[in-house]
Amino acid sequence: MSYLYEPAAYTPDIWPESYWRASSPALPPCPTLTGPVTADVAIIGAGYAGLNAALELRERFGAEVVVLDAAAPGWGASGRNGGFCCLGGANLSPAQITRRVGALAAPEFDSYQQRAIDRVADNLARYGIDADRGPAGEVLLAHSARTWAAMQAQQGADGVQLWGRAALRDAGLNCATAWGGTYRPEGFPLHPLKYARGLAVAAQAAGVRIYGDSPVKTLDHANGLWSLRTGAAQVQARRVLIATNGYSDERLPRWLSRRILPALSTIIVTRPLSLAEREAQGWTSHLMTYDSRTMLHYFRLLPDGRFLFGARGGVSAQPERLARFTARARAEFEAMFPAFAQAETTHDWSGLVCLTGSMAPFCGPVPGAEGLFAALGWHGNGVAAASEGGRRIAPALMGLPDTTPALFKRPPPRFPLPRKLLLRAGMAAALWRDGPLRPAPEEA
Ligand SMILES: Cc1cc2nc3c(=O)[nH]c(=O)nc-3n(C[C@H](O)[C@H](O)[C@H](O)COP(=O)(O)OP(=O)(O)OC[C@H]3O[C@@H](n4cnc5c(N)ncnc54)[C@H](O)[C@@H]3O)c2cc1C
């Protein structure tokens with residue numbers, strides 16, 4: 001099987017009707033690959049990982065680089081996400097990382113996450129990308145008495161600030177279901193498609209050849225050269241990077257099969273809320289915010305006063321099943337922000353994030369395939385992590401040592417059970433653990 005979900009999730013000529021698409025300048029034209037082309041490195045996937053790798057290869061090593069996308073730059077998760085440029089990338093605690101990879105691996109991953117955020121900031125500045133950057137910091141809201149107690153017990157860790165309900169209200173973050181929360185200073189929100197588009201413009205200006213509407217259908221290796229066929233046309237390159245994340249065709253290469261678990265995430269965006277409406281809810285802050293549920297919600301005010309609300313879940317990309325999931329997300333939004341209930345949804349869309357069998361990204365050589373590399377599995381947090389991953393894998397594509405964290409170098413194992421079954425079971429357990437959405441007491 002090459003894809004986990006229904007074709008609707010992967011059809012390149014179906015663009016999501018996202019708010020990002022409606023508010024972004026047109027993408028730079030990217031021709032379809034027609035003739036035979038050669039390059040030092042061919043990259044499959046024009047999202048943050050592929051475009052950052054291309055920029056690094058071109059600017060730092062002067063390599064001839066071709067990027068192929070089945071649709072266009074930013075068509076995948078890079079043009080659909082919540083725009084949280086934040087810490088993250090793996091689903092492992094520091095203790096788990098230490099047990100698996102060794103004592104140095106956890107601090108190494110910590111520093112990677114911080115560098116990844118700096119990388120995005122640097123990209124925006126260096127290439128003059130106006131991506132509607134918002135205020136620094138991120139807030140995690142406790143959804144239950146238990147998580148709030150755990151947050152209080154960890155008070156003082158890593159310069160994290162603890163905010164009770166009153167402090168949240170003072171900060172313009174009044175959510176009906178929040179018991180309290182923590183603020184940490186790292187990260188900032190941005191317009192994800194403007195960022196992806198800006199990277200594509202910068203890559204083209206640097207001399208990277210980007211081809212759109214060019215799905216790679218086969219990948220073969222002979223005489224030290226990889227051939228990537230998109231139908232009649234082909235690219236030949238000594239080295240290849242797979243940067244297709246949740247949209248990967250699992251035959252490219254077959255090694256990938258069942259080592260990744262694409263998962264759905266859905267976003268709704270409301271019409272702009274007036275200041276009076278925002279004050280009625282007590283939510284006036286533009287900080288990035290998410291809650292402590294395993295099936296987490298992520299939300300923020302956009303620069304023009306619209307509210308973005310995201311939810312993870314769903315096991316089908318059938319339009320009617322997605323519509324049901326979106327309706328559930330809308331009901332949860334109204335439970336958490338009752339004063340916004342009259343603000344209609346103007347845009348909703350879904351996309352695929354990518355988990356792996358090791359619960360960490362994979363960034364390295366594909367075992368047993370000389371010259372073939374992959375950079376994927378950002379666990380729903382790839383704005384920063386995939387950007388940095390693309391940069392860090394570049395030296396390896398030039399045959400040089402690279403600085404990807406040790407955690408990312410371990411090839412993920414295959415999932416042992418049918419993945420839809422795992423998803424259903426995992427989601428049911430998470431929903432049970434999370435419990436129903438209930439208003440928090442006024443003074444928690
Ligand atoms: C709804 C949603 C919300 C999210 N919110 C956040 C957030 O707020 N913060 C955060 O950090 N992360 C978030 N993420 C995750 C983040 O968007 C991803 O981790 C990141 O964009 C991955 O980038 P990428 O370059 O690896 O892959 P993608 O951006 O998914 O790009 C993969 C590309 O590969 C192309 N492709 C696939 N197969 C082929 C082929 N055979 N030939 C040619 N091209 C091919 C696709 O067309 C696609 O453009 C979210 C994701 C979703 C879906």
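## The ligand and its surroundings

Sorted by class, the shell around the ligand consists of 19 nonpolar, 15 polar and two charged residues. The model is a predicted one. The ligand is surrounded by 36 residues, and the closest are Asp69, Ala70, Ser78, Phe84 and Val216.

On its own the ligand has 1,000 Å² of accessible area, of which the protein covers 98%. Two or more residues of the shell come from each of the elements α2 (48–61), β12 (260–270), β16 (345–356) and α10 (382–397). The element that gives the most to the shell is β16, with three residues.

## Thr266 in strand β12

Thr266 has its place in strand β12. Is Thr266 buried or exposed? Thr266 counts as buried because its relative accessibility is 0%, and the cut-off for buried is under 20%. The side chain of Thr266 makes a polar contact of 2.8 Å with the side chain of Ser350. Leaving aside residues up to four places away in sequence, Thr266 touches Tyr298, Phe309, Gly310, Ala311, Phe325, Thr326, Trp349 and Ser350.

## Aromatic rings

A pair of aromatic rings is described by the distance of the centres and the angle of the planes. The count for this model comes to 26 aromatic pairs. One of them joins Phe109 and Tyr112: the ring centres are 6.5 Å apart and the planes stand at 20 degrees, so the pair is stacked. Both residues belong to helix α4 (residues 105–126), and because Phe109 and Tyr112 are three residues apart there, about one helical turn separates them. Phe109 and Tyr112 are each buried.

Phe309 and Phe333 form a tilted pair, with 5.6 Å from centre to centre and 55 degrees between the planes. Phe309 is in strand β15 (residues 307–312) and Phe333 in helix α9 (residues 319–336), so this pair ties together parts that are 24 residues apart in sequence. Phe309 and Phe333 are both buried. They also belong to one aromatic cluster, formed by Trp283, Phe299, Phe307, Phe309, Phe333, Phe337 and Phe340.

Conventions. Residues numbered from 1 in each chain as written. Predicted model: local features only at pLDDT ≥ 70, side-chain atom pairs only at ≥ 80, totals over all residues. Heavy atoms only, no water. Near = heavy atom within 4 Å. Areas by Shrake-Rupley, 256 points an atom, 1.4 Å probe, with all protein chains shown as cover. Helix = DSSP H or I, 4+ residues; strand = E, 2+ residues; numbered from the N terminus. Nonpolar A, V, L, I, M, F, W, Y, C, P; charged D, E, K, R; others polar. Buried < 20%, exposed > 50% of the residue type's maximum accessible area, 1.4 Å probe, protein only. Polar contact = N/O pair within 3.5 Å; in protein donor to acceptor, adjacent residues only side chain to side chain. Contact = heavy atoms within 4.5 Å. Phe/Tyr/Trp six-rings, centres within 6.5 Å; stacked < 30°, edge-to-face > 60°.
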